[in-house]
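Trainee: I would like a close look at a single part of this model. Please take me through it step by step.

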Amino acid sequence: MKANSFLIVLVPVVLLTAVFLMPDAIYKKTEKIAEIKSEKLRIVSLAPSVTEMLFSMGLGDAVVGITDYCDYPPQTKNIQHVGGFAMPNIEKILKLHPDLVITADDKRREILRPLEQSGIRILNLTIKSFEDIFKAFRQIGQATNHIPQAQTIINRMQEDLKSLVQKYHFNDIPNSQRPKVFMEIWHDPVTTVGRSSIINELIQLAGGVNVAQDVSGMYPNISPEKVIEWKPDVIIVCYMTPKQQNKMQMGSRIGWQDIPAVINNRAYSDIPRDLILRPGPRMVDGVRMLAEHLYGHQYHDTPK
Amino acid sequence: MIPPNRDWLLYIVLTMTLAGACIVALLTGAVHIPFDQMLQSGIIRLRIARILLAVLSGAALSVAGVIFQALLRNPLAEPYVLGVSSGAGLGAVISILLGLAFVGIWTIPLMAFAGAIVTIITVYALAREADGSVPVHTLLLSGVIIGAVMGSILRFIISISSAGDLHNETWWLLGSLQIFDWNLLRAVAVVVIACLAVTLAFARDLNVMTLGEEPAVHLGLPVERTKKLFFIIASFMTGATVAACGLIGFVGLIVPHSVRLVVGPDHRRLIPASALAGAIFMVLVDCLARVVLSPREIPIGVMTAFLGGPFFLYLLRRRKRRYWG
């Protein structure tokens, strides 16, 4: 039938043409949105650590969009959410007319491309060490013209770290005699922090030694036998989901009774997880709390 | 093929292989222990618990696979085909997402087992006809559908989970034989051993079932009662295993077929042989999982697929060559 074969050719051609022409039509529309410029700086943060950094630099008023997981400081309660962990809602971000969108360790640049095409600046921070945290502050400072505020925070953090060394004198103690720390991130399977994790550095800055520091990767799952062999002096329980960690009885685990940390009752689960697991300005508080657990009791027992 | 009245030889060989596998597993691991410190070491206690769990889960999954293959008369049947794994996984993932910890370390296994029970009841209720009978093809369909629904809810929960929850959920689902509580091990042991015993007692009935439902009825078998009994037993064993170990695939599919190639289709031999063979397989695979990337552990579900597949292909080819020359 002539009509049928005509349709069989026409319909795909029309569809394909539409598919090829459509993107251009849409982009023309979004360019118009970008022309609306605001006088005050508008920033969208796509990571809880970034949100904390912005607020600590005094840029809290400029933050117009945050993720569902940005819960600190308390002022974040009134800020609009633009999505969760998996997918930031691009439409919501566009509606907020931001000047700058900041992400942390996000390799998925393609998702943010519509934002770039609308003229929004994207700043991606890579935070894998404490030095990276300082660098991130400087980058935010440059992007938002808040360089002195950034330097203030950096100085304060470095001062706090120095004062810990002065208080507990652990730089005088050789590595082999520093307390061995096992940090448990999850129990099923047993997961800890490896060589490439910033938390490894956090333990070192607190004057401890991470028993898993030679294991490659960031959060390797390791054999519980190995933990027994490592004989950690202190166990820190710090789950990404905090409610389960208080019920973890390290001493009742099969074979773990011989671990020094269990024998001396030095398993702690009271450090708020965001101070350890969130690479931001409060990590220094995490270092301080850990150092208190590692050295505090000695400090109180033996007056210097 | 083993001649019928030499069964005892088969069982002795398998049992000794199992004992040997356990000894190997006891002596290997992420940590090397000098011989004299062996008995006092907490590590040995940990390994013993782990080996016992491997034996139980390997036996449970293999026999569950045998039962489902007989009940559903389908060579592709395996313990997870009727949705129990999706239900258990959903229970565990909900527990992680909500941060539940009401019974400490037992919370996730308990929630997983609850998920398995809910699935069993739902699948059964859906497949049940007005007269109380459960046709096999309806059971299969019902199981697949409920499994798919549970699986989609599971994936939805994963999609709304934070980075931390996502990490924990993924690793739980990948399967692990780590065990820290003797009581949990005892609970799994009670369920698995009881189910295995009942299965062995009624093994002859499974033979009759494989002939088909109508011939089975004519041979005097109470078909409906048998189907329900085996469905519950196999699902319970699978549920208990998934609750304690996460999702360990391949074992329930590969071991029954491999063992059947050697001992034949008589379930009175297939059941105990599969239980022993499954235990051996699981113990050895777990051994490798602990050693290959030490001190890291490879998820056991990954290892079973990695090793089970090629091994089964090898068996299949050997069998074919014998027939076709």
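How are α2(A) and α5(A) oriented to each other?

Mentor: A caution to begin with: this is a predicted model. Now the helix pair. Helix α2 of chain A covers residues 48-56, and helix α5 of chain A covers residues 130-144. They pack at an angle of about 60 degrees. Their axes are 11 Å apart. That angle is why α2(A) and α5(A) count as oblique to each other. The crossing of α2(A) and α5(A) is right-handed.

Look at the side of each helix that takes part. From α2(A) come Met53(A), Leu54(A) and Ser56(A). They meet Ile133(A), Ala136(A), Phe137(A) and Ile140(A) in α5(A). By class, the residues of this contact are 6 nonpolar, 1 polar and no charged.

Next, the sheet. Chain A has an open sheet of 5 strands, with parallel pairing. The order is β3-β2-β1-β4-β5. β3 (80-81) and β5 of chain A are the edge strands. Each has a single partner strand, so one side of each is left without a neighbour in the sheet.

Take the pairings in turn. Strand β2 of chain A, residues 63-66, runs parallel to β3(A), and 2 bridges join them. In that pair, Ile66(A) stands opposite His81(A).

α2(A) packs on it through contacts with β1, β2, β4 and β5 of chain A. The direction of α2(A) makes about 125 degrees with that of β4(A). α5(A) lies across β1, β4 and β5 of chain A. It runs at about 170 degrees to β5(A).

On one pairing, strand β1 (residues 43-45) of chain A joins β4(A) in the parallel sense over 3 bridges. There, Ser45(A) stands opposite Ile102(A). On another, β4(A) is joined to strand β5 (residues 121-125) of chain A by 5 bridges, and these two also run parallel. In that pairing, Leu100(A) stands opposite Arg121(A).

α2(A) and α5(A) meet at about 60 degrees. β4(A) itself pairs with β1(A) and with β5(A).

Key: Residues numbered from 1 in each chain as written. Chains lettered and ligands numbered in written order. Predicted model: local features only at pLDDT ≥ 70, side-chain atom pairs only at ≥ 80, totals over all residues. Heavy atoms only, no water. Axes fitted to C-alpha atoms, helices over the stretch in contact; angles between N-to-C directions. Helix = DSSP H or I, 4+ residues; strand = E, 2+ residues; numbered from the N terminus. Parallel < 35°, antiparallel > 145°, perpendicular 65-115°, else oblique. Left-handed = near helix turned anticlockwise from the far one by under 90°. Contact = heavy atoms within 4.5 Å. Nonpolar A, V, L, I, M, F, W, Y, C, P; charged D, E, K, R; others polar. Pairing = 2+ DSSP bridges.
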